[in-house]
Amino acid sequence: MDIRDRSRTLLGFKITLMTAEEILELIADSISNSTKFVLASQNLHGVHMFFKDQIYRKLHQDERTFVRIDGMPIVWLAWLAGIRTDLSHRVPWIDLFMPLMARAARDGWRVFYLGGRSSVLADGRKVIESRYPDIILSGRDGFFDTTPGCAEARGVVEQINAFRPDVLIVGMGMGRQERWIVENFDQLDTHCVTTAGAVMEFIAGAAVTPPRWTGTFGLEWAYRLCSNPRRFTWRYLVEPWLTFGLMINYHVRRRLDAGGSGRASR
């Protein structure tokens with residue numbers, strides 16, 4: 001089955017069933033055929049964003065967007081919904097990033113990273129370039145005025161296009177990065193635009209990487225919560241309950257709207 005036919009609707013939001021290897025082949029195919037797409041991600045925090053943020057939802061629902069599964073709760077929800085998926089379809093950025101860098105170095109893909117603090121980006125680039133000396137890599141921090149049409153926002157797009165990246169990685173945090181992509185996608189001269197959250201913090205050593213076994217058991221959240229309770233208490237202990245409430249409200253409203261449309265058509 002073509003990966004373009006693997007997107008599924010799960011409780012109202014989109015996921016695309018693809019492995020890490022298939023993602024890399026999707027990028028390679030896009031570069032070879034001069035096409036353009038977005039690789040977004042979805043975890044439980046992202047589901048909350050999907051139902052709260054119209055721009056986030058717009059990006060994920062775009063037919064040019066593929067949505068990588070980034071969290072065991074999404075796999076579990078897919079199982080409960082009867083969607084045939086397995087653990088290979090959960091592809092966290094921390095497991096995808098270095099294979100992507102290796103493939104880029106091998107095949108000559110040009111990579112631009114947009115996001116993070118300047119110091120973190122510099123440290124992360126040193127790690128990547130020391131491991132893959134042949135990589136063609138550039139980037140800039142994510143602290144700039146993103147207001148559409150302003151001089152600084154235009155300058156960032158011009159900087160990216162001047163580099164002519166094959167892969168543009170946008171790591172400016174959920175919500176802000178999706179909005180920036182929606183507002184600038186048509187002006188970007190690249191093949192793959194992908195969201196990345198805070199992955200460069202892990203690469204640079206600015207954030208502690210959870211042991212990889214915790215992801216298999218859906219326990220990365222617990223490790224992060226214990227490592228930084230101030231940052232993650234709300235996200236992991238409060239927000240999931242709000243998210244389930246938003247999903248229930250979404251489906252109740254859809255049923256009410258469908259019922260109203262049905263009565264109106266009689």
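**What relative accessible area does Arg179 have?**
Arg179 has a relative accessible area of 37%, and is therefore partly exposed. Here buried means under 20% relative accessible area, exposed means over 50%, and partly exposed lies in between (1.4 Å probe, protein chains only). Before we go on, please keep in mind that this is a predicted model: local features need pLDDT of at least 70 and side-chain atom pairs count only at pLDDT 80 or more, while totals for chains, interfaces and linings use all residues. Residues are numbered from 1 along each chain as its sequence is written, and side-chain values use heavy atoms, with hydrogens and water left out.

**View 1. The whole protein chain, for orientation.**
The protein chain contains 12 helices and 8 strands; helices (H or I, at least four residues) and strands (E, at least two) are DSSP runs, numbered from the N terminus. The C-alpha trace spans about 65 × 40 × 40 Å along its principal axes. For 266 residues a compact globule would have a radius of gyration near 18 Å, and the 19 Å of the protein chain agrees with that. The radius is taken over C-alpha atoms, and the globule rule is 2.2 Å times the number of residues to the power 0.38. Of the 266 residues, 48% count as buried.

The structure holds 12 salt bridges, each a side-chain nitrogen of Lys or Arg within 4 Å of a carboxyl oxygen of Asp or Glu. In this view, the side chains of Glu183 and Arg179 meet in a salt bridge, with 4.0 Å from N to O. Glu183, at 30% relative accessibility, counts as partly exposed.

**View 2. Helix H5 and the pair Asp107 and Arg103.**
Helix H5 (residues 93-107) has 15 residues and reaches 20 Å from its first C-alpha to its last, close to the 21 Å expected at 1.5 Å a residue; the expected span is 1.5 Å times one less than the number of residues. Its buried residues are Trp93, Leu96, Phe97, Met98, Leu100, Met101, Arg103, Ala104 and Ala105. Arg103 has a relative accessible area of 12%, whereas Asp107 is partly exposed at 34%. Their side chains meet in a salt bridge of 2.6 Å, N to O. Asp107 and Arg103 are 4 residues apart in helix H5, so about one helical turn lies between them. Follow the chain just past H5 and you reach Gly108, which takes a positive phi of about 75°.

**View 3. Glu22 meets Arg6.**
A salt bridge links Glu22 and Arg6, whose closest N and O atoms are 2.6 Å apart. Glu22 belongs to helix H1 (residues 20-33) and Arg6 to the segment before strand E1 (7-10), so the pair ties together parts that are 16 residues apart in sequence. Glu22 is partly exposed at 25% relative accessibility, and Arg6 is buried, with a relative accessible area of 17%.

**View 4. A nonpolar patch that includes Leu219.**
On the surface, Trp213, Phe217, Leu219, Trp221 and Leu237 form a nonpolar patch with about 530 Å² of accessible area together. Patches are made of residues with over 30% relative accessible area and no salt bridge; like charges are joined within 9 Å, and nonpolar side chains (Val, Leu, Ile, Met, Phe, Trp, Tyr) within 5 Å. Accessible areas come from the Shrake-Rupley method with a 1.4 Å probe, and for residues only the protein chains shown count as cover. Leu219 sits in the loop between helix H10 (212-216) and helix H11 (220-227), and counts as partly exposed at 34% relative accessibility.

**View 5. Two buried cysteines.**
Cys150 is buried, with a relative accessible area of 17%, and Cys192 is buried too, at 1%. The disulfide count is 0, taking a disulfide as a pair of cysteine sulfur atoms within 2.5 Å.

**View 6. Two distances along and across the chain.**
Arg110 is found in strand E5 (residues 110-115) and is partly exposed at 22% relative accessibility. Arg110 and Leu168 are 58 residues apart in sequence and 8.6 Å apart in space, C-alpha to C-alpha. Asp2, in the segment before E1, is partly exposed at 38% relative accessibility. Between Asp2 and Arg176 there are 174 residues of sequence separation and 31 Å in space, C-alpha to C-alpha.
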